[in-house]
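Hello,

Here is the structure I promised to pass on to you. Please open it beside this email and follow along.

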Amino acid sequence: VHEVRFMAKDNKSGFDDELVLITVENVNRMPQISYYEPIAHDLVGHKNIGESFRFVVQVNDPDNDEITYQWFDNDVLVSSKNYFDFYVANEEIGSHSIVVKASDWYDTVQRDWAIYIKTPVELAHFSGRIVERQGIELEWETTVETAHAGFNIFRRSASDKEYEQINSNLIK
């Protein structure tokens, strides 16, 4: 609300003034997200296999205002474009919250995703036992195997020694 005083004076020393209240209302219409990808809210990524996700939003503003974008990965600002590329190989294992906020400088809309980063192989069971006169028998079972070529076995003879690969071919 603004107070404006109007004053009028004529050439015969006549004078009048009037105080007028002017109310200015924001008639901004909120921007709308018209498209986003990925469509799924919950995603799974696998570390160290070169996987990535591209997050995209398209926002329309009914008033044709300029739109700004802010992308956050676990509350850290990571991009100000209308897309964000998330490279799984660079990330830590665990949960990530990806949020985009699009604003017309008056109102803000947002979309969020959850990504869980896993290892390409998850063990369900692993054991080893000594087999008399034969050596050590290793046994394992996996619950998940994603984009891996096989397994290698390493051993070391003492805690101050380096690990050495003992199989010549990948175990599949």
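Predicted model: local features only at pLDDT ≥ 70, side-chain atom pairs only at ≥ 80, totals over all residues.

Residues are numbered from 1 along each chain as its sequence is written, and side-chain values use heavy atoms, with hydrogens and water left out.

Seven of the 10 residues in β9 are buried, meaning under 20% relative accessible area with a 1.4 Å probe, protein chains only. β9 runs antiparallel to β6 (residues 68-73), joined by six bridges; two strands pair if DSSP finds at least two bridges between them. In one of these, Trp-71 has Val-100 as its partner. 10 bridges also join β9 to β10 (residues 108-118), again antiparallel, and His-96 stands opposite Ile-115 there. Four residues lie between the strands of this hairpin, where Trp-105 takes a positive phi near 80 degrees.

Elsewhere, three strands make an open antiparallel sheet in the order β3-β5-β8. β3 (32-37) and β8 (83-87) are its edge strands, each pairing on one side only. Five bridges link β5 (residues 52-60) to β8, and Ser-52 faces Tyr-87 across that pair.

Which residues line the largest pocket? They are Ile-136, Leu-138, Ile-153, Phe-154, Arg-155 and Ile-166. β12 (135-145) and β13 (154-155) each supply at least two of the lining residues. A pocket here is an open set of points on a 1 Å grid over the protein atoms alone where a 1.4 Å probe fits, with protein on both sides within 12 Å along at least five of seven lines; lining residues have an atom within 4 Å of a point.

Happy exploring!

Terms used: Buried < 20%, exposed > 50% of the residue type's maximum accessible area, 1.4 Å probe, protein only.
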